[in-house]
Amino acid sequence: MSTPTPDALINPQAAIAYWSSVTTDNAGVLGGYPHVSRVDLQGSTTFLAKLRRKSSVFPTSRLLSRTVDCGAGIGRVTKGVLVKVAEVVDVVEPVVQLTGVITEGVEFGELRRLGKVGEVYNVGLEDWTPRYAYPLIWTQWCLGQLNDEQLVDFFGRAKGGLEGGGWIVVKENMCTEESGEDLFDETDSSVTRTDRKFRSLFARAGLKIVATEVQRGMPKELYPVRSYALQPV
Ligand code: SAH
């Protein structure tokens, strides 16, 4: 019998059990590293601004109509990046306790009143199909919960939900194991992929990389974090 690939070890029930048990704050969704949030959000804002500066379809000067935060947790990226660039932000996040912060928390009260919080889909990305045409689909620190097949399928559906000239952004930890293989993480039953694996899955899904960069200023003991902006081939 061949050894199973790391992504075969992903157990969605175990993943949801873990994410249902974390505190509903930055420490909870960032695995005990709440202080990386600031530099992360800043990096994302700059990455996005650079993309849009080169875009005639979605220039920086105009708000995007609608965007979606995939695997949003408590809406850290929604609040720190996406509501500032879009009129409405939809949320995909399977754990209801986490989206409670967005739908009921005082932190999001003003944004809700302003109508900036759109649809909240409490499902995993493997079960989500976009119902709008988005100029921007943001996925961060959650794709490791999907196995390789599910991820390629997800990218296919996300492509279908992308406006012409729009982007899928993927921002994830990069596995740097010497073996060159992805690594299964028991804590949240996820897989940490290598840059090489991500690139091969993008290619399989018919997506090309139009911009990519490593997040600066992350603690040395953590995996490097890389952002990719993707468009259909
Ligand atoms: N993207 C957010 C949250 C990261 S924590 C941020 O950067 O702050 C990882 C999130 O992935 C958790 O909220 C967890 O509930 C969510 N998650 C777990 N399984 C998922 C799945 N199958 N699809 C999408 N998100 C999932």
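**Ligand and pockets**

Me: How far is a nitrogen atom of the ligand from an N or O atom in the side chain of Glu-126?
Reply: This is a predicted model: local features need pLDDT of at least 70, side-chain atom pairs count only at pLDDT 80 or more, and totals for chains, interfaces and linings use all residues. Residues are numbered from 1 along each chain as its sequence is written, and side-chain values use heavy atoms, leaving out hydrogens and water. A polar contact here is a pair of N or O atoms within 3.5 Å. For the Glu-126 side chain and a ligand nitrogen, the distance is 2.9 Å.

Me: How much of the ligand's exposed area does the protein bury?
Reply: Areas come from the Shrake-Rupley method with a 1.4 Å probe. Alone, the ligand exposes 570 Å². The protein buries 98%.

Me: Which residue has a polar backbone atom 2.8 Å from a nitrogen atom of the ligand?
Reply: Gly-71 places a backbone N or O atom 2.8 Å from a ligand nitrogen. A polar backbone atom, also 2.8 Å from a ligand nitrogen, belongs to Gln-140.

Me: How many residues surround the ligand?
Reply: A residue counts if one of its heavy atoms lies within 4 Å. Among the closest are Arg-76 and Glu-93. The shell divides into 11 nonpolar, five polar (Gly counts here) and three charged residues. In total, the residues around the ligand number 19.

Me: Which pocket does the ligand take up?
Reply: A pocket is an open set of points on a 1 Å grid where a 1.4 Å probe fits, with protein on both sides within 12 Å along at least five of seven lines; lining residues have an atom within 4 Å of a point. A molecule sits in one if more than half of its atoms lie within 2 Å of its grid points. The ligand's space is the second largest pocket.

Me: Which element gives the most to the lining of the second largest pocket?
Reply: This pocket holds about 530 Å³ and is lined by 32 residues. Strand 1 (64-70) and helix 4 (76-85) each supply at least two. The most, four residues, come from helix 1.

Me: What is the volume of the largest pocket?
Reply: Its lining has 17 nonpolar, seven polar and four charged residues. The volume is about 650 Å³.

Terms used:
A polar contact is a pair of N or O atoms within 3.5 Å; within protein, one must be able to donate a hydrogen and the other to accept it, and residues adjacent in sequence count only if both atoms are side-chain atoms. Grid points are joined across faces, edges and corners, and a volume is the space filled by probe spheres set on the points.
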